[in-house]
Amino acid sequence: MAAPGPARLIRAAAASSRRWLFSASPAAGTRPGCGSAAAVRAARLFSLSARAVLSSEDKITVHFINRDGDKLTAKGKPGDSLLDVVVDNNLDIDGFGACEGTLACSTCHLIFEDHIFEKLDAITDEEMDMLDLAYGLTETSRLGCQICLKKSMDDMTVRVPEAVADARQSVDMSKNS
């Protein structure tokens, strides 16, 4: 029996890596939310598919209405969080995602249109706790780091609240008096 060729070994290693990436549970300190998107991105590194890079047709367009009323438009891949979209497209949204998606602040607070909000995945207790600390909370508020893009969200518009609260910072009001 002949030894397996290099291409066969690479395919086997890639398949093994994908199985590990998709079956591993998140480690302590890893980013909650769209963790599966991170696994998908990591698995793409091992993929030998002919479509290694998503075409522009596979991307989802998101419009952000910034605090100053400016409309910022960006594209993301299915499975990316809205925080990923802001960071990857270098959008100028002051203070957005200060905790880098670890659910330790509410700086990625976004307000969704009703028809999109109704289709979002259920909110977790951890996200709800952070949203309780957000300024300008509405019935359709969510944290961008917890919202994963889906094809049905293409061309959606989200609004950035006028004020931002960073739950990581405690303010001692007695120092101002």
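**Exercise 1. State what the mean pLDDT of the protein chain is, and find where pLDDT stays under 50 with zero contacts beyond four places in sequence.**

Solution. The mean pLDDT (the predictor's confidence in each residue, from 0 to 100) of the protein chain is 76, and 60% of its residues reach 70 or more. This is a predicted model, in which local features need pLDDT of at least 70 and side-chain atom pairs count only at pLDDT 80 or more, while totals for chains, interfaces and linings use all residues. Residues are numbered from 1 along each chain as its sequence is written, and side-chain values use heavy atoms, with hydrogens and water left out. Next, take the stretches where pLDDT stays under 50: for residues 7-30 the model has 15 contacts (heavy atoms within 4.5 Å) beyond four places in sequence, whereas for residues 170-177 it has zero.

**Exercise 2. Work out in which order the five strands form the sheet, and why one side of strand 2 and of strand 4 is left without a neighbour.**

Solution. Strands are DSSP runs of E with at least two residues, numbered from the N terminus, and two strands pair if DSSP finds at least two bridges between them. The order is 2-1-5-3-4 in an open sheet, and the pairing is mixed. Strand 2 (71-76) and strand 4 (141-143) stand at the edges, each with a single partner strand, so one side of each has no neighbour in the sheet. Finally, look at one pair: strand 3 (residues 109-112) runs antiparallel to strand 4 and is joined to it by three bridges, and L110 has R142 in strand 4 as its bridge partner.

Key. Helices (H or I, at least four residues) and strands (E, at least two) are DSSP runs, numbered from the N terminus.
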